[in-house]
Amino acid sequence: MGGAGTPEWLIREDAGQPVLLALYLRQVLGIRSPDELPHLRGIPPRENSRTEDAQALLERQWREFWAMTVEPQAHPSPVPLDLVDGFQTLLALPAEGADELRAAVTPHAAEALAFTQSAHARYRRDASPGSGTAYRAYASAIAEYERQVGRRAHSFELNVQVLPLSQRGVWWIGSLTIAVTDGLRGDVAAFDAAIHPIIAELA
């Protein structure tokens, strides 16, 4: 967006399967963090019978996995990653230091994979690829911001994950990544209002 010498912005929008999978596992494992991010719709949170120490260890391993999933370039694993059986190529965990998480997620592989693929397919269907509507939504927000501040927007990158969350809203889930409820993303006027503060923060 932008020719030679002009500021450029790059916005990637998706309902990434690794992110959907991580959030599904968060819910069925009874992981609380990130505290501010709502649960996925239609998946009852599970009660867990772990000790406090076991839960704390699982939460720590999940947080590290979540950071690597949302922004892998910013959070590379210090050790090699191994694919987890049953998750095709969607789930890789550190070969060391994630044993408890690996053991906890394995029994959920089939249902987690089915949910992830279904939710991703629904996003692809709703996003109607090729229509250009996603690009226009962001371009108009940036144009409006430029009118308000009287200058071109600075170059920036933003990743947008459109997710079937139980509450409507926008949440930062990484330094360059936000989560947006699918219902909000589908509401042109509401999404425009919600994305403005994000653009203003970056541009």
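Contact is taken to mean heavy atoms within 4.5 Å. Helices (H or I, at least four residues) and strands (E, at least two) are DSSP runs, numbered from the N terminus. The structure is a predicted model, in which local features need pLDDT of at least 70 and side-chain atom pairs count only at pLDDT 80 or more, while totals for chains, interfaces and linings use all residues. Residues are numbered from 1 along each chain as its sequence is written, and side-chain values use heavy atoms, with hydrogens and water left out.

Helix H2 contains 19 residues and reaches 26 Å from its first C-alpha to its last, close to the 27 Å expected at 1.5 Å a residue; the expected span is 1.5 Å times one less than the number of residues. A residue is called buried at under 20% relative accessible area, exposed at over 50% and partly exposed in between, with a 1.4 Å probe and protein chains only. The buried residues of H2 are Gln 55, Leu 58, Glu 59, Gln 61, Trp 62, Phe 65, Trp 66, Met 68, Thr 69 and Val 70. Their cover includes helix H1 (17-29), strand E2 (81-83), strand E3 (92-94), helix H3 (99-105) and strand E6 (177-181).

The axes of H1 and H2 come within 10 Å and cross at roughly 170°. Helix H1 is therefore roughly antiparallel to H2. Axes here are lines fitted to C-alpha atoms, for helices over the stretch in contact, and angles run from 0 to 180 degrees between N-to-C directions. Angles under 35 degrees count as roughly parallel, over 145 as roughly antiparallel, 65 to 115 as roughly perpendicular and the rest as oblique. On the H1 side, Pro 18, Val 19, Ala 22, Leu 23, Arg 26 and Leu 29 take part in the contact, and they meet Gln 55, Leu 58, Trp 62, Phe 65, Trp 66 and Thr 69 of H2. Nine of the residues in this contact are nonpolar, two are polar and one is charged. In this grouping Ala, Val, Leu, Ile, Met, Phe, Trp, Tyr, Cys and Pro are nonpolar, Asp, Glu, Lys and Arg are charged, and the others, Gly among them, are polar.

Four aromatic pairs are found in the whole structure. Rings of Phe, Tyr and Trp (its six-membered ring) pair if their centres lie within 6.5 Å; planes under 30 degrees apart count as stacked, over 60 as edge-to-face and the rest as tilted. Trp 62 and Phe 65 form an edge-to-face pair, at 6.4 Å centre to centre and 80° between the planes. These two residues are three apart in helix H2, so about one helical turn separates Trp 62 from Phe 65. Trp 62 is buried at 0% relative accessibility, and Phe 65 is buried at 6%. The ring centres of Trp 62 and Trp 66 are 5.2 Å apart with planes at 15°, so this pair is stacked. Ring pairs link Trp 62, Phe 65 and Trp 66 into a cluster.

Glu 59, also placed in H2 (residues 52-70), is buried with a relative accessible area of 5%. Leaving aside neighbours within four places in sequence, Glu 59 is in contact with Gly 30, Ile 31, Arg 32 and Ser 33. Ser 33 is joined to Pro 34 by a cis peptide bond, with omega about -10°. Pro 34 lies in the loop between H1 and H2.
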